Structures are given as structure tokens and as C-alpha cells.
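I opened this notebook to record what I looked up in the structure, topic by topic. The entries follow the order in which I went through them.

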Amino acid sequence: MAVKALTLQKIVLMKKISSLIIAIITIAITAQAQNKPYSIITCPGEDVSRQMNISWASDTSQKADYVLYTIVKDKNWKKAKRVLGKNNLCRTFDSIYSKTADNQNFYEKAVFNKYGATLQNLKPSTVYAYKIVSGNGIESGIHHFKTAGANKWSAAIISDFHHYTPLPHRLEAAVAMLDTIKSYDPNIDWILHVGDVCAWGGSYSFWKTLYENNYFSDYMWAGVNGNHDNMTRKYFLSNAFFRNVNYYPLNGYSGEEGVCYYFKYSNALFIILNNEDMHTDEQLNAAQNWVRRVAAENPSKYIIVCEHYQWFYGENGKFSQYSRWCSLFDELGVDLALSANNHIYVRTNALYDGKETDGTKGTVYVQTPSSDNERGMNADTLKYNPDIIKYRWTEGAKTVGGLSLKANNKELTITLLNRYGKVLDSVAVKAKR
């Protein structure tokens with residue numbers, strides 16, 4: 001009997017030890033998950049053929065996060081290099097009134113170390129892998145990007161999906177649209193969004209869950225600050241939200257660094273604007289003087305300007321931002337002007353001095369449709385500008401669409417796809433330089 005009792009005691013002891021080990025492992029895994037770098041996004045450097053900007057966040061206990069990167073062919077990471085991130089304590093999003101994923105009211109709890117790092121001297125036209133390593137050695141998952149360099153390249157363009165965690169179908173619709181664009185063009189090199197990717201840019205939980213999607217792991221993203229990205233639930237407005245969830249080139253004009261920016265992608269110069277800082281004539285002049293300087297200092301085969309607000313009101317064709325920018329675009333020889341916001345696809349042929357040309361001069365204006373299957377708009381009769389607006393498209397309230405952009409040294413080609421992958425419209429932008 002004594003032997004049996006001793007055996008039972010051993011069994012009980014072993015069970016207690018096993019439970020303790022499981023508890024310790026659980027605590028360790030939980031702590032690691034909490035300290036793992038998050039909100040990781042690959043942003044363009046100023047010259048994407050040789051530079052890439054990496055943005056991420058970490059728990060406040062981490063003080064020495066770095067990027068470990070190598071070419072994707074270096075399977076064992078033997079030639080990997082590291083770049084220490086620049087960080088600051090971010091309280092921008094803390095205590096902002098928002099919604100949880102289960103639709104409960106709450107105040108965001110978001111105090112973190114915001115990191116940014118610029119990878120330099122990269123090889124053109126090369127696929128890289130990278131991961132973020134925290135100060136205590138915890139690693140993120142592996143992310144990828146491809147540098148520019150070849151004069152033949154392509155991108156997916158999407159906007160207005162208003163990611164909102166209580167309604168996950170919005171993001172699901174946008175991701176499905178990206179899948180559709182990728183099916184149309186399996187070789188896309190990067191992704192451009194033209195704004196309103198979050199319902200409330202002040203809600204950090206929205207950005208955090210957005211950046212967990214695989215498309216943010218696999219591609220470089222360039223983005224435009226939309227009005228929704230610029231606000232909180234209570235309509236407090238700030239470009240700090242957009243700045244503090246990304247790490248775009250800090251080459252914008254005063255007050256707009258990292259929000260307005262430009263980057264060179266192979267044979268194209270992209271100039272990104274922030275409509276939320278252009279409400280007065282003084283603000284508009286500051287933005288236009290900056291665009292004029294950027295174009296003069298960065299000669300390129302193509303000049304592409306992006307802003308969030310629409311060029312035309314898609315409902316009836318009336319002028320919107322077109323009338324504010326067309327003279328400058330004529331002056332600078334802008335090739336392609338991209339916008340969003342109106343949720344209705346609108347496209348012109350090349351326009352110069354308000355008139356359609358044969359394409360040898362002038363700017364093609366394109367505005368993207370919405371892609372969240374929820375907030376689209378209806379189009380009425382084209383009462384205004386029927387001579388210059390060549391195509392409009394919307395599915396009404398439940399619209400999902402996106403664009404393919406393909407480039408070579410002869411032309412840019414913009415193609416509109418619906419959710420089923422059907423080509424609805426296409427326009428070629430001829431090279432003029």
C-alpha cells in the first residue's frame with residue numbers, strides 16, 4: 001500500500017509540475033506576442049530603386065528595434081544587414097474615442113514606440129526580405145518588397161475602403177479586389193492607395209489590424225492621406241495620424257513632411273498631396289509652389305500627381321479639384337493625375353487648356369471608385385463636361401472596383417476592373433519626354 005501511495009504522490013507531483021510548465025510557457029508566449037513588433041508597412045524611399053522606408057511600432061519597453069534585411073535569394077540570411085530604427089514615443093492616438101471590433105464604445109489605449117528606418121544602397125529591380133527584431137530579440141514575421149529599376153513595371157491602385165473593425169466585410173471586399181487585380185496582373189510590383197483606407201484615422205486599432213493583412217507583408221505601399229484617414233470619430237482633424245502610422249519620405253513642405261511627399265519609381269516621379277491642408281488660397285499656393293519645385297528638380301519621363309479629392313463630381317460631371325490644378329498641370333507637363341473620394345470612377349483623355357488633345361500633350365485625369373461594397377455613389381445624367389469626361393462607372397452604393405497601372409518607356413496604361421475581373425475601361429498615357 002505504501003508503494004501505491006508513493007506512486008500516486010509522484011503522479012500528482014508530476015501533474016503539478018506539468019501544469020506549472022504549461023503556465024510558464026503560456027506566460028512566455030503571451031509576453032512575446034505583446035512585445036512583438038507590429039503595424040509594419042513598407043513605404044517608398046525617395047528613390048525606390050535604391051531606398052526603402054520601413055515603418056513599425058513596438059511596446060514601450062523596447063528601445064533598440066532594428067530591421068534585418070537581405071535579398072530574397074539569401075535563404076539562410078547569411079548576408080543580412082541591419083539598420084537601427086529611429087524611434088519616438090507616440091501618444092497621438094491615446095484616449096481617442098472609438099469602437100472595438102465587437103462594436104463597443106471605448107477609448108483607444110495606444111502608447112507605443114513609433115519606429116522608422118531607411119534602407120540605403122539597395123540593388124535595383126531586386127526582391128528583398130526583411131523582419132523587425134525587437135530590443136529583446138523577438139522577431140516579426142518576414143516581409144518582402146521589390147525595388148524599382150526596370151522601365152517596365154506595374155502597380156495595383158485602390159482606395160476608399162474605410163476599414164472599420166466592427167464591419168470587417170469592408171476590408172474583405174478591398175482585399176478581394178486586390179486579389180482580382182493580382183489575377184489580372186500577377187506581376188504587380190507595388191500598391192498605391194489614394195486615401196480613405198480607414199474609417200477614422202485617429203483610431204489606431206483600425207490601422208493596426210489593417211497592417212496585419214498579407215498584402216502589407218508582401219508589397220511596398222505608397223499612400224495618400226484621405227479625409228477619413230485625417231479624422232477621429234469626433235471629427236478632430238490631424239495629419240499626425242497618417243504620419244505616425246507610416247514612414248514616407250520627409251521631403252514635403254513645412255508642416256507636411258511625411259504626409260505630402262514625392263518619390264521616384266523607375267521612369268516616373270510620383271507627387272503625393274494632402275487635400276486637408278489646401279482649404280485656403282494660402283495653403284493651396286504653398287502646395288503648388290512645392291509641386292513646381294519638385295517637378296523642376298526631378299526630371300522624369302512621367303510625372304504622376306495624386307491627391308484624395310476628386311477632379312470632377314462623378315454624379316453629374318461638374319468641376320471639382322480639376323479647376324484648382326489644371327493650369328499648373330499644363331505648365332509642368334503632368335502626365336497622369338489620380339484622385340479618389342467621390343466613389344465614382346471618372347476618366348478623361350489627355351486635356352490641355354481645358355480641351356482634349358491627341359495625347360502628345362496634356363494630362364489624363366482619373367479618379368478611382370470605392371472598394372468597400374458599402375459606401376458607393378449613384379451617377380446621374382452627365383450634365384457638365386460631357387465633351388471631356390470619357391467614362392464614368394459605379395455600381396451604386398455597393399461598389400467594388402480597382403485599377404491596374406502598367407508602365408514602360410512608351411506609355412502608361414490605366415485599366416479599370418470590376419470585382420469579377422472584367423475590364424471596363426482602359427486608357428493609354430503617351431510618353432511626352
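This is a predicted model: local features need pLDDT of at least 70, side-chain atom pairs count only at pLDDT 80 or more; totals for chains, interfaces and linings use all residues.

**Entry: the largest pocket**

I looked up the largest pocket and found a volume of about 580 Å³. Its lining consists of 24 residues, and Lys36, Tyr38, Ser39, Lys208 and Glu212 are those that lie nearest the centre. Sorted by class, the lining holds 11 nonpolar, seven polar and six charged residues.

**Entry: aromatic pairs**

I searched the whole structure for aromatic pairs, and the search returned 39. One that I wrote down is Tyr38 with Phe112, which is edge-to-face, with 6.5 Å centre to centre and 70° between the planes. Because Tyr38 belongs to strand E1 and Phe112 to strand E8 (residues 112-119), this pair ties together parts that are 74 residues apart in sequence. Tyr38 is also one of the residues that lie nearest the centre of the largest pocket.

**Entry: the sheet of four strands**

I traced an open sheet of four strands, in the order E4-E3-E9-E10, whose pairing is antiparallel. Strand E4 (81-84) and strand E10 (143-146) stand at its edges with a single partner strand each, so one side of each is left without a neighbour in the sheet. On average, and with direction ignored, neighbouring strands of this sheet are turned by 30° against each other. Strand E9 (residues 127-133) and E10 run antiparallel and are joined by four bridges; I noted that Tyr128 has Phe145 in E10 as its bridge partner.

**Entry: the sheet of seven strands**

I then followed an open sheet of seven strands with mixed pairing, ordered E14-E15-E16-E17-E21-E18-E22. Its edge strands are strand E14 (261-265) and strand E22 (389-393), each of which pairs on one side only. Here neighbouring strands are turned by 15° against each other on average, direction ignored. Strand E18 (residues 345-348) and strand E21 (residues 364-367) run antiparallel and are joined by two bridges, and the bridge partner of Arg347 in E21 is Val366.

Which helix packs on this sheet and touches E14? I found helix H6 (residues 281-297), which also touches strand E15 (268-272) and strand E16 (302-306), and whose direction makes about 165° with that of E15. Helix H7 (residues 322-332) lies across E16, strand E17 (336-339) and E21, and runs at about 140° to E21.

**Entry: a hairpin**

Last, I looked at strand E24 (residues 411-418) and strand E25 (residues 423-430), which pair in the antiparallel sense over seven bridges. Leu417 stands opposite Val423 in E25. The hairpin of E24 and E25 has four residues between the strands, and Gly421 takes a positive phi near 85° there.

Notes. Residues are numbered from 1 along each chain as its sequence is written. Side-chain values use heavy atoms; hydrogens and water are left out. On a 1 Å grid over the protein atoms alone, a cavity is a set of points where a 1.4 Å probe fits but cannot get out, and a pocket is an open set with protein on both sides within 12 Å along at least five of seven lines; lining residues have an atom within 4 Å of a point. Grid points are joined across faces, edges and corners, and a volume is the space filled by probe spheres set on the points. Ala, Val, Leu, Ile, Met, Phe, Trp, Tyr, Cys and Pro count as nonpolar, Asp, Glu, Lys and Arg as charged, and the others, Gly among them, as polar. Two strands pair if DSSP finds at least two bridges between them. Axes are lines fitted to C-alpha atoms, for helices over the stretch in contact, and angles run from 0 to 180 degrees between N-to-C directions. Contact means heavy atoms within 4.5 Å. Rings of Phe, Tyr and Trp (its six-membered ring) pair if their centres lie within 6.5 Å; planes under 30 degrees apart count as stacked, over 60 as edge-to-face and the rest as tilted.
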